[in-house]
Amino acid sequence: MSYVYDDQNIFAKILRGEIPNTTVLETEHSLAFRDIHPQAPTHVLVIPKGPYVCFDHFAQTASDAEIVDYVRAVGEVCKLEGVEADGFRLIANAGKNGVQDVPHLHVHILAGRLLGPMLARG
């Protein structure tokens with residue numbers, strides 16, 4: 001599959017400093033920040049700094065250094081936020097049927113309350 005990255009998406013603008021964010025962690029290849037519309041007491045987004053549309057795009061084309069940095073950034077955010085004890089949910093939506101709102105890879109780290117069933121019925 002061919003991926004076309006839209007450099008005008010909101011996360012690209014955040015990475016360029018055009019839109020402010022509440023940073024939780026920044027590394028060489030990743031940025032983690034608080035969701036502006038949190039769905040749980042803890043709701044942090046983690047994005048790679050590179051132009052990747054979704055997780056499979058990232059997994060297939062990112063450098064080893066980017067992949068290691070990103071995965072470790074997710075783990076570090078979980079540690080910083082203290083979500084390991086009670087558990088958390090990690091979500092990465094992809095494409096239309098996955099209801100991906102922003103065409104830049106991002107994972108949601110949600111915690112701090114019982115999160116309910118994995119998928120809404122419908």
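User: Two strands pair if DSSP finds at least two bridges between them, where helices (H or I, at least four residues) and strands (E, at least two) are DSSP runs, numbered from the N terminus. Which residue in E5 stands opposite leucine 90?

Analyst: This is a predicted model, in which local features need pLDDT of at least 70, side-chain atom pairs count only at pLDDT 80 or more, and totals for chains, interfaces and linings use all residues. Residues are numbered from 1 along each chain as its sequence is written, and side-chain values use heavy atoms, with hydrogens and water left out. Strands E4 and E5 run antiparallel and are joined by four bridges. Within E5, the residue opposite leucine 90 is isoleucine 109.

User: What does the twist average from one strand to the next?

Analyst: The sheet is open and antiparallel, with five strands in the order E1-E2-E3-E5-E4. Its edges are strand E1 (23-26) and E4, each of which pairs on one side only. With axes taken as lines fitted to C-alpha atoms, for helices over the stretch in contact, and angles running from 0 to 180 degrees between N-to-C directions, the twist from one strand to the next averages 15°.

User: What angle does the direction of helix H3 make with that of E3?

Analyst: Strand E3 (residues 42-48) pairs with E5 in the antiparallel sense over five bridges, and histidine 43 stands opposite leucine 110 of E5. Helix H3 (residues 64-81) packs on the sheet and touches (heavy atoms within 4.5 Å) E1, strand E2 (30-34), E3, E4 and E5, and the angle between its direction and that of E3 is about 160°.

User: How far apart in space are leucine 105 and glycine 116?

Analyst: Leucine 105 sits in the loop between E4 and E5, yet it is buried because its relative accessible area is 1%. Leaving aside neighbours within four places in sequence, its contacts include Val46, Tyr52, Phe55, Phe58 and Tyr70. Glycine 116 is eleven residues from leucine 105 in sequence, and their C-alpha to C-alpha distance is 24 Å.

User: At what distance does the side chain of histidine 106 reach the backbone oxygen of histidine 104?

Analyst: Histidine 106 belongs to the loop between E4 and E5, and its relative accessible area of 6% makes it buried. An unreviewed UniProt entry places the feature "active site" at His106, with positions in the numbering used here, shortened feature names, and annotations that may be inferred rather than shown by experiment. Beyond neighbours within four places in sequence, histidine 106 is in contact with residues including Phe11, Leu45 and Tyr70. A polar contact is a pair of N or O atoms within 3.5 Å (within protein, one able to donate a hydrogen and the other to accept it, and residues adjacent in sequence counting only if both atoms are side-chain atoms), and the side chain of histidine 106 reaches the backbone oxygen of histidine 104 at 2.7 Å.

User: Why do the rings of tyrosine 52 and phenylalanine 58 count as they do, and what is the class of the pair?

Analyst: Rings of Phe, Tyr and Trp (its six-membered ring) pair if their centres lie within 6.5 Å, with planes under 30 degrees apart stacked, over 60 edge-to-face and the rest tilted. Tyr52, Phe55, Phe58 and Tyr70 form one aromatic cluster, and tyrosine 52 is buried at 8% relative accessible area, as is phenylalanine 58 at 2%. The count comes to four aromatic pairs. For tyrosine 52 and phenylalanine 58 the centres are 5.2 Å apart and the planes at 80°, so this pair is edge-to-face.

User: Which backbone nitrogen lies 2.9 Å from a polar atom of the side chain of histidine 57?

Analyst: Histidine 57 lies in helix H2 (residues 55-61) and counts as buried at 10% relative accessibility. Apart from neighbours within four places in sequence, histidine 57 is in contact with Tyr3, Pro51, Tyr52 and Ala62. The backbone nitrogen at 2.9 Å is that of valine 53.

User: What is the phi of valine 99?

Analyst: Most residues other than glycine have a negative phi. Valine 99 is found in the loop between strand E4 (88-91) and strand E5 (107-111), and is exposed, with a relative accessible area of 53%. Although valine 99 is not a glycine, its phi is positive, at about 55°.

Methods
Buried means under 20% relative accessible area, exposed over 50%, partly exposed in between (1.4 Å probe, protein chains only).
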